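Visitor: I am new to this structure and would like to know what the terms used for it rest on. Please take me through them one by one.

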Amino acid sequence: MSRPSTPEYQVRSHSTEEEEQAVSAHEAGEEYDVIVIGTGPVGQTVAQRVRSAGLTVAAVERELVGGECSYWACIPSKAMLRPVTALADARRVGGAREAVTGQVDATAVLARRDKWVTDWDDRGQAQFLKDIGADLIRGHARLDGPRRVSVEIPRGSTLSLTARHAVVVCTGSRPNFPELAGLADVRPWTNREATDSPKVPGRLAIIGGGGVGVEMATAWHGLGSSVTLLAQTEGLLPKMEPFVGEMIARSYTEAGIDVRIGVTVEGMRRPDRTGPVTLSLEGGAELEADEVLLAIGRRPLTYDIGLQTVGLEPGSWLEVDDTCAVRAVAGDRWLYALGDVNGRALLTHQGKYQARVAGAVIAARAAGRPVDPAPWGPHATTADSRAVPQVFFCDPQVGAVGLTADQAERAGHRIRVVDVDTGGKVAGAGLYADGYTGRARMVVDEDHERLLGVTMVGPAIEELIHSATVAVAAQVPVSRLWHAVPCFPSISEVWLRLLEAYRDTTDARQWR
Ligand SMILES: Cc1cc2nc3c(=O)[nH]c(=O)nc-3n(C[C@H](O)[C@H](O)[C@H](O)COP(=O)(O)OP(=O)(O)OC[C@H]3O[C@@H](n4cnc5c(N)ncnc54)[C@H](O)[C@@H]3O)c2cc1C
Ligand SMILES: NC(=O)c1ccc[n+]([C@@H]2O[C@H](COP(=O)([O-])OP(=O)(O)OC[C@H]3O[C@@H](n4cnc5c(N)ncnc54)[C@H](O)[C@@H]3O)[C@@H](O)[C@H]2O)c1
């Protein structure tokens, strides 16, 4: 099995006979309708959309087809988390609890994860590109002036490509590294080692209390590591409603994770290559761990893609309009940026949404049809600013869509906030887990009586978030939500409790 984790994101040679044929087939005709740089979930989706419109596509990939998401992010992390949360759920149900006599089998969990990432072999996803009729070109792509892309292919040669209609940058992101003394010698984990490690470290220190930090804390704690979660901010998951971080911190602490809030790491050292790491914390305290995971956000992978050849700043986020065309590029729209690289929402599903919309835009422009960028229309990624859903699959789960109360107020909305204690108020929650602990919040635009945002914390809420997304994206009036009747006795009845709480705290005439 190959486990190609590298701290630096080097070009790796994956050339096979089949791939070499794909390259040589197009050395003669190097013009395509669309060139896609990066074949993560977002690059593949846009390639599929424009191919379905009959356009020719070159898709360039320097590492594994499937990107970070498939091999070092969403898929392996969820494969590691699911057995941990399944066991935690069973332990919360009397009668089932008694049947749980052991711990998670870490070896089996990691073997299952390896299957989900197809042992870091991308032949299946490369075949997908072939099946849709896109040409996969293995190598590192760089812009080389307007509509031109040069590809450094393994073994040193370069291929020049031209796009008749569009170049689409889908190169994703890489981890942030802090300016810390001793960092290089420590060889800290990033999301790569955190999701492809074949071994469970005895003690794992995690720096960063965002999405990666909280999910990996649940995963590695569940697999047997002694985890310390260090957050510099005032709370965990600071981009969400404040109660989320408070509940996660409380429940992690009860589970045995050492959560330290408002802690700054000032340095780290690993004097012996195979020995432990010592972290120096602000105030003079020290912490020893066997591995340290850096989870402090991401940078766009744009520092070496030839941005300077089209007047853009290498290393910058590629700011786009709602059709996903890069704003700063003058002239007719030929450069698009989708997924992590545009910084709108670093989420696979949101990047794929952008790819569906931009694919339709590129196809329309190529055919000379008008583009309709009106909000919520076929050619606008309106949900990026109004209804981005997100689920963290930690224990307990966290999910949200749209605006938090603070964001809504700062955007100038007149709002009403209603909160419900899911555990105490929803029969389905109590049946799902003894002593169910959870909370839900709905942020209502008082002027239009529509939802601006919803947040939920608790076991098994991940499948409820789409109902909230429909309500927020479709701008369903609160009065109509009463007619969306949740099944009894499901956790979805939290919706009724939210509506009742809203009704009972408002003087709106229709409720009386
Ligand atoms: C630990 C972790 C867990 C996550 N979990 C989730 C989750 O559960 N759900 C969710 O929605 N999001 C999750 N995310 C976020 C998600 O991984 C990203 O939003 C997603 O991968 C972005 O997709 P992308 O296609 O834009 O980029 P990527 O998946 O990063 O793909 C980019 C591709 O471009 C290639 N590339 C880069 N530069 C070049 C070049 N110059 N030439 C050729 N190819 C190039 C790369 O090799 C890569 O294959 C998670 C992130 C992390 C770190
Ligand atoms: N299930 C999911 O949808 C999922 C899961 C994991 C990650 N992701 C996405 O992947 C992206 C990356 O996740 P992430 O957790 O790395 O980033 P993040 O932005 O979610 O969190 C990073 C955290 O690190 C903190 N931080 C920044 N600099 C620091 C420093 N020098 N020292 C200590 N702390 C510092 C920040 O305050 C923040 O709380 C996010 O956009 C996230 O949404 C999604």
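Visitor: Which element gives the most to the shell around ligand 2?
Guide: Helix 9 does, with four residues. Keep in mind that this is a predicted model.

Visitor: How many residues surround ligand 2, and what makes a residue count as near?
Guide: The shell has 22 residues, and the closest are Gly 208, Gly 210, Gly 211, Val 212 and Leu 346. A residue counts as near because its C-beta atom, placed from the backbone, lies within 6 Å of the molecule. Two elements give two or more residues to the shell around ligand 2: helix 9 (211–222) and strand 17 (389–392).

Visitor: How do the residues around ligand 2 divide by class?
Guide: Eleven are nonpolar, nine polar and two charged. Gly counts as polar, so Gly 208, Gly 210 and Gly 211 of that shell belong with the polar residues.

Visitor: Which residues come nearest to ligand 1?
Guide: Of the 36 residues around ligand 1, the nearest are Gly 38, Gly 40, Gly 67, Gly 172 and Gly 339. Elements that give two or more residues to this shell include helix 2, helix 3 (67–72), helix 4 (74–91) and helix 11. By class, the shell around ligand 1 has 15 nonpolar, 15 polar and six charged residues.

Visitor: Why is helix 2 called roughly parallel to helix 11?
Guide: Helix 2 (residues 41–52) and helix 11 (residues 348–366) pack at an angle of about 25°, with their axes 8 Å apart. Angles under 35 degrees count as roughly parallel, and therefore helix 2 is roughly parallel to helix 11.

Visitor: What is the handedness of the crossing, and which residues make the contact?
Guide: Helix 2 and helix 11 cross in a right-handed way. On the side of helix 2, the residues in contact include Pro 41, Val 42 and Thr 45; on the side of helix 11, they include Thr 348, Gly 351 and Lys 352. The contact of helix 2 with helix 11 has nine nonpolar, five polar and three charged residues.

Visitor: Where does UniProt place domains?
Guide: The annotation "domain: FAD/NAD(P)-binding", from an unreviewed UniProt entry, covers residues 32–350. That span is 30% helix and 24% strand, and its end C-alpha atoms lie 26 Å apart. UniProt, again in an unreviewed entry, places "domain: Pyridine nucleotide-disulphide oxidoreductase dimerisation" at residues 388–495. Residues 388–495 are 29% helix and 31% strand, with end C-alpha atoms 19 Å apart.

Notes
Residues are numbered from 1 along each chain as its sequence is written. Chains are lettered from A and ligands numbered from 1 in the order in which they are written. This is a predicted model: local features need pLDDT of at least 70, side-chain atom pairs count only at pLDDT 80 or more; totals for chains, interfaces and linings use all residues. Axes are lines fitted to C-alpha atoms, for helices over the stretch in contact, and angles run from 0 to 180 degrees between N-to-C directions. Angles under 35 degrees count as roughly parallel, over 145 as roughly antiparallel, 65 to 115 as roughly perpendicular and the rest as oblique. A crossing is left-handed if the near helix is turned anticlockwise from the far one by less than a right angle, and right-handed if clockwise. Two residues are in contact if their C-beta atoms, placed from the backbone, lie within 7 Å. UniProt positions are given in the numbering used here, feature names are shortened, and annotations may be inferred rather than shown by experiment.
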